[in-house]
Amino acid sequence: MMTPSWSRSLGEVLDRQTVSVELTSKKGTKYSTDVLKSYDVIAIGSPTAKKDINGKITGYDYEVYDQVKDLGGFKVNAPNLLDVKGMKRVRFENVRGGALNGRTSGWFKADRVVFLK
């Protein structure tokens, strides 16, 4: 038996079409999730490095603004660093995300980020 879920999907949150893909976790477990294959937005300011408990950089948080849907005030994490100064158009690839427990905000993570021309 399934229980009702009141969480919105990634597609509903970002108002974009998503696709279901199968991924493998760091522990080797396979799982299915919804992703945006590409997400074109404006990166604002310099990205912030995220570090693990040992101080190793694990990725970079980019503050973004989605001018098409007028969404902002959130960050997308990507493993690579782009030298963003001011505002630059970027594309995040394979974006996934979800709700954070006990908060109204969520998390977003991409496989890669590149500059748009």
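**Exercise 1.** Determine whether Tyr62 and Phe92 are buried or exposed, and describe the geometry of their rings.

*Solution.* Tyr62 and Phe92 are both buried, where buried means under 20% relative accessible area, exposed over 50% and partly exposed in between, with a 1.4 Å probe and protein chains only. The model is a predicted one, in which local features need pLDDT of at least 70 and side-chain atom pairs count only at pLDDT 80 or more, while totals for chains, interfaces and linings use all residues. Residues are numbered from 1 along each chain as its sequence is written, and side-chain values use heavy atoms, with hydrogens and water left out. A search of the whole structure gives 2 aromatic pairs, a pair being rings of Phe, Tyr or Trp (its six-membered ring) with centres within 6.5 Å, stacked if the planes are under 30 degrees apart, edge-to-face if over 60 and tilted otherwise. Tyr62 and Phe92 form an edge-to-face pair, at 5.8 Å centre to centre and 70 degrees between the planes.

**Exercise 2.** Classify the pair formed by Phe74 and Phe108.

*Solution.* The ring centres of Phe74 and Phe108 lie 5.1 Å apart and the planes meet at 50 degrees, so the pair is tilted. Both Phe74 and Phe108 are buried.

**Exercise 3.** Find which side chain joins that of Arg96 in a polar contact.

*Solution.* Arg96 is buried, its relative accessible area being 13%. The side chains of Arg96 and Asp111 are joined by a polar contact of 2.9 Å, that is, a pair of N or O atoms within 3.5 Å, of which, within protein, one must be able to donate a hydrogen and the other to accept it, residues adjacent in sequence counting only if both atoms are side-chain atoms.
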